[in-house]
Amino acid sequence: VSGHAIAGLALLNAVLLIVGMSVLWSLRGFPTWSDVVRLSGLAYLLGVASLGAVLVFELTVGIPVGLISVLVSSSLLCAGALVAGCAVGRARPSGRPNVRLTVPTAVFAALVIVYFEALFRSGRLAGLYEWDGWAFWVPKAKAIYYFGGLDERFFKELPAQTYPPLVPAFQAVAFHFMGSVDQVTLHLQFWFFYLGFVGAVIGLLCTRVRPLLLWPFVLLMLCSPNLSGGELNAQGDFVLAELMVTAALLIGLWLLERERWQLYAAALTLGGGVLAKREGYLIAFCVIVAALVASKLTGPGRWRPLLLTAAAGFAASVPWLVWFRVHGLGGGGPAAGGLGLLDHLDRAWPSFWLAVSTIFDFNLFLVTAELALLAILLALLAGERTLPAYVGLAAVFLIAGYTWITWSFPEIPITKDDPLNPITRVTMSTVMMAAVFTPLLLQAAWDARARPRATVAEEAT
Amino acid sequence: MHHSSRRTLVAWSVLVVVVLAYPVGVLAGGLPRFPSVSDCAHKATAEGNLEVVFGHFASYDDAVRARDEALRYGFKGTQVALDGCLRLKVALPGVPTIEVGREVIQEAHSVGLEPTLEQSS
């Protein structure tokens, strides 16, 4: 708990931003300095995903994770990205940064910034109270910090042994940059993750959506009761949601715009997501299948790039899957995951209803899901197909996935009480997706309605 | 000044004023405080939750050594516990009153130990 620890964290996150900037420049390029500013949040998340994947790989092959390995890995990633960028002819950004601002946008942006200022203040002295955090996320990080790597004997003593280690790896790296096992200041690392995510969403949407459609939904997401309490918890739930929602948004944008870099970036964030928590596989599966079906339903299906994106994201987790099987870690899986479901048919409807009622619970998520549903309907009514199909299908598949989670663990009671059933945490990704896609859906509906009128006006003149 | 640039200036001013208002308001009450390890040692000021503390230690070995020394001199029930600041404290909990606590400390002084009377949190 010191200024030195905070400065150390700031340095670590500056490294992540530089890595991500290099990666995004090689994938997409930055034609202008405005692009650099606008996409810095996305770049930061790509830095988290790409360095995270490298750290997990290093841990699984026995390379000790510490200050030196982080700095060397970051330098190699930057160098590789810069070489790749030069090879494909990326140019240096040009022009002066030009961030246009209107008074309403300034008011909303100021509220978001004040929210993060207050969040920083509360995170600076936050205690490690959350059960999962002190039971296994932070102990795993401490083990990586003290022993330099994965100690299978220690991991076997913990709950959730097979959870992938991206979050503990970053926590351990944060301890190194802070200079001690400062599990109080550690919460600020999650502040940086959340800031990067919100920055990524705003950066991706601000050129595609009117400010008055975008900013209220960003604030709605920030202020949802179930989202505004746990974003700094020293565990993997929010990191998973941040990476997966960003991946889903990039895939959604690709369905509309077919820019190749969007899928490259989605593959990285999907990879980061599946390395953050096991639920990452479920969310990635639902998002990719929704994109495949939406792409087929609404035009000539482009399955190959989507399947390659999914494969690349999954590949990031292969070293960890091999490591934990070779070292005999296990447990934590559902007791009735496959055909066992048939022995618990009585849980099917209650599990489904629990998932739906959680997502639409005003006390947890305000009216985020209701507004997303309305936006889907408006977009469909306006004649849009691809985006509402993608978002709607992803939501349906995810609800089916959450139903499966409660159904397949017979020991879990049907309740929204978090210590007993993780439903309020696992549904966060879907609600955050709802908040992120609603502005895009509303804009699509607006544009679709405006299009015929514009055409008529053009014809009249 | 051009109309649109004046509006942009107003917008930026709104942003800067609102964004600075919060930290300025917070800092008006004083600079942020960084708790130190001494915040985990609360000198006894009232009855209740009292313990005689034989020291706060960074290492488990040092803490166990201090606990064994206290036990050797007859301070039964002395134990090692986390102090909340990533250190270990060697303490005799369950002291009923400040008066009793002072007597225990006097007894410890007589054998060369230097404990303090603290309020456990």
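Predicted model: local features only at pLDDT ≥ 70, side-chain atom pairs only at ≥ 80, totals over all residues.
Biologist: Where is the place of A:Arg258 in chain A?

Modeller: A:Arg258 sits in a loop, with helix H11 (237-257) on one side and helix H12 (260-276) on the other.

Biologist: And what is the phi of A:Arg258?

Modeller: The general idea comes first: most residues other than glycine have a negative phi. In this model A:Arg258 has a positive phi of about 55°, although it is not a glycine.

Biologist: Which residue of chain B has a positive phi, near 55°, without being glycine?

Modeller: That is B:Asn49, with a phi near 55°. You will find B:Asn49 in the loop between helix H1 (3-27) and strand S1 (50-57) of chain B. With a relative accessible area of 56%, B:Asn49 is exposed.

Biologist: Let's step back to whole chains. How many helices and strands are there in chain A?

Modeller: Chain A has 21 helices and zero strands. For its overall form, we can compare the radius of gyration with the value from the globule rule. Chain A has 22 Å, close to the 23 Å that the rule gives for 461 residues, so chain A is as compact as a globular protein of that length. Its C-alpha trace spans about 75 × 60 × 40 Å along the principal axes.

Biologist: What share of the residues of chain A count as buried?

Modeller: Of its 461 residues, 58% count as buried. Taking contacts in chain A between residues at least 6 apart in sequence, 81% join residues at least 24 apart.

Biologist: How does chain B read, and what pattern does it follow along the sequence?

Modeller: Chain B contains three helices and four strands, and their order along the sequence is α-β-α-β-β-α-β. Its radius of gyration is 26 Å, whereas a compact globule of 121 residues would be near 14 Å. The box filled by the C-alpha atoms of chain B is roughly 85 × 30 × 20 Å along the principal axes. Buried residues make up 31% of chain B. Among the contacts in chain B with a separation of 6 or more, 65% come from residues 24 or more positions apart.

Biologist: Now helix packing. At what angle do helix H1 and helix H9 of chain A pack?

Modeller: A packed pair can be read from its angle, its axis distance, its handedness and the residues that meet. Helix H1 (residues 3-27) and helix H9 (residues 187-205) of chain A pack at about 35°, and their axes are 10 Å apart. The crossing of H1(A) and H9(A) is right-handed.

Biologist: Which residues in H1(A) and H9(A) meet?

Modeller: On the H1(A) side they are A:Ile6, A:Leu9, A:Ala10, A:Leu12, A:Asn13 and A:Leu16, and they meet A:Leu188, A:Gln189 and A:Phe192 in H9(A). By type, the residues of this contact divide into seven nonpolar, two polar and no charged.

Biologist: How many disulfides does the structure hold?

Modeller: The idea is to look for cysteine sulfur atoms within 2.5 Å of each other. Over all chains, the structure holds zero disulfides. A:Cys206 is in no disulfide, and its nearest cysteine sulfur, that of A:Cys223, is 20 Å away. A:Cys206 is partly exposed, with a relative accessible area of 36%, and A:Cys223 is partly exposed too, at 43%.

Key. Residues numbered from 1 in each chain as written. Chains lettered and ligands numbered in written order. Heavy atoms only, no water. Buried < 20%, exposed > 50% of the residue type's maximum accessible area, 1.4 Å probe, protein only. Axes fitted to C-alpha atoms, helices over the stretch in contact; angles between N-to-C directions. Helix = DSSP H or I, 4+ residues; strand = E, 2+ residues; numbered from the N terminus. Left-handed = near helix turned anticlockwise from the far one by under 90°. Contact = heavy atoms within 4.5 Å. Nonpolar A, V, L, I, M, F, W, Y, C, P; charged D, E, K, R; others polar. Rg over C-alpha atoms; globule rule 2.2 N^0.38 Å.
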